[in-house]
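Please keep the sequence and the coordinates at hand while reading.

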Amino acid sequence: MSSEPLLRVESVRKHFAFTKGILFSKTLGYVKAVDDISFEIRAGETLGLVGESGCGKTTTSRMILNLEEPTEGRILLDGEPIHGLEGEALKAYRTKVQAVFQDPWSSLNPRMTAGRIIAESLIVTKWGDKEKIAARVSELLKQVGLRPDQAQQYPHEFSGGQRQRVALAAALASSPKLIVLDEPVSALDVSIRAQMMNLLKDIQAEGNVAYLLVAHDLATVRHMSDHTVVMYLGKIVEKAPTQALFDDVRHPYTKALFSAVLMARPGQQDEEIELKGEVPSPLNPPSGCRFHTRCPYVMPRCSQEEPPLRDVTPGHAVACHLF
């Protein structure tokens, strides 16, 4: 694996104006969807991005897909800033970074055959003639475990797992360097999930493609990710190599998240942490540590000082005054 990061997210913020009125709109404040986050992804690696709904995961992935511009900070692919691209440069970026979404039913055009869906990016970028593109589509269908003759079928003729394979083949068509996986297996039956995760890992090993895995399911993150980033209310509260994080959870929010979802390991008494209250509004986040209103270990300084994200062990960073 390369020592240089493929993707770098540097001190990125995304604030959305909250307005009132139609003709003479007035800005009442800003929703701080993402507030000063930094991380890296290397070629051939998977970074898991986890947290409750509304923590900023989707906004982060949209900025990486160049569907949103950061308010501050920058995102670089191969050392080059990705925002502000136009024309051919933007088209080239779209071939390098692709996405597979949660619901393959809504992400696939029901009026197109699977073959046409997969070929779309190749046609747009004038990748080759008809015969060359048809051969590439057949190759991609086989790569994701489908038959070449299924190129003639429409999305409604596939099962949920097969539709997700078609979506993956479409993402792979342009030989991307990075694929954003937005809850890629959560809509699938449990029996199909393991097959899909193993397929993604096999494809990664073959092509050295990097993944940004946005997920609620911690079991999927544990199985797929090399590194994991935990977000809460627009901030990164903990990040570490995945195995190190699961072996030694530090931040109270991460502990609560894990205790609510992961079953205790045999012979181990895992402490269950129950969070009180609702997630505060990103329009008016709490002062100091954003988690202090729900934290069972809250101290007086937590409401006044924002804890910096710092290493507690090499490579394992936590934003908490306990450390």
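The model is predicted.

Four strands make up an open sheet, with antiparallel pairing and the order 2-1-4-5. Its edges are strand 2 (26-41) and strand 5 (80-81), each of which pairs on one side only. Helix 1, residues 57-64, packs on this sheet and touches strand 1 (7-20), strand 2 and strand 4. The direction of helix 1 makes about 70° with that of strand 2.

Strands of a sheet are held in pairs by backbone hydrogen bonds, and the pairing may be parallel or antiparallel.

Why is helix 1 described as largely enclosed by the rest of the structure? Six of its eight residues are buried, so the rest of the structure largely encloses helix 1. The buried residues are K57, T59, T60, S61, M63 and I64. After helix 1 comes N66, which has a positive phi, near 65°.

**The parallel strands 6, 7 and 8**

Strand 7 (residues 178-182) pairs with strand 6 and with strand 8. Strands 6 and 7 run parallel and are joined by four bridges; in strand 7, the residue opposite V100 is L181. Strand 7 and strand 8 (residues 210-214) also run parallel, with five bridges between them. Here L178 has A210 of strand 8 as its bridge partner.

Which way do the residues of strand 7 point? L178, V180 and D182 point one way, while I179 and L181 point the other way, and all are buried. Five of the five residues of strand 7 are buried, so this strand is largely enclosed by the rest of the structure.

Rolling a probe the size of a water molecule over the atoms shows where empty space is left. Two cavities of 30 Å³ or more are present in the structure.

| Space | Volume |
|---|---|
| Largest cavity | about 80 Å³ |
| Second largest cavity | about 30 Å³ |
| Largest pocket | about 590 Å³ |

The largest cavity is lined by 14 residues, of which C289, C295, C302, C320 and H321 are the closest to its centre. By class, its lining has 11 nonpolar and three polar residues, and no charged ones.

The second largest cavity is lined by E183, P184, V185, S186, A215, D217 and T220. This lining divides into three nonpolar, two polar and two charged residues.

The largest pocket has a lining of 24 residues. Those nearest its centre are Q98, A99, F101, A170 and A171. Which elements each supply at least two residues of this lining? They are helix 2 (87-96), strand 6 (97-100), helix 4 (114-124) and helix 6 (160-172). Helix 4 contributes the most, with five residues. The lining of the largest pocket has 15 nonpolar, six polar and three charged residues.

**Two single residues**

A194 belongs to helix 7 (residues 190-207). Its relative accessible area is 39%, and A194 is therefore partly exposed. Between the C-alpha atoms of A194 and W105 the separation is 20 Å, and these two residues are 89 residues apart along the chain.

K235 is found in strand 10 (residues 235-241). Is K235 buried or exposed? It counts as buried, because its relative accessibility is 13% and the cut-off for buried is under 20%. With neighbours within four places in sequence left aside, K235 is in contact with D35, D36, I37, V230, R290 and E306. Of these contacts, D35, D36 and I37 fall within the range of strand 2 (26-41).

Key. Residues numbered from 1 in each chain as written. Predicted model: local features only at pLDDT ≥ 70, side-chain atom pairs only at ≥ 80, totals over all residues. Heavy atoms only, no water. Pairing = 2+ DSSP bridges. Contact = heavy atoms within 4.5 Å. Axes fitted to C-alpha atoms, helices over the stretch in contact; angles between N-to-C directions. Buried < 20%, exposed > 50% of the residue type's maximum accessible area, 1.4 Å probe, protein only. 1 Å grid on protein atoms, 1.4 Å probe; cavity = no way out; pocket = protein on both sides within 12 Å on 5 of 7 lines; lining within 4 Å. Points joined across faces, edges and corners; volume = space filled by probe spheres on them. Nonpolar A, V, L, I, M, F, W, Y, C, P; charged D, E, K, R; others polar.
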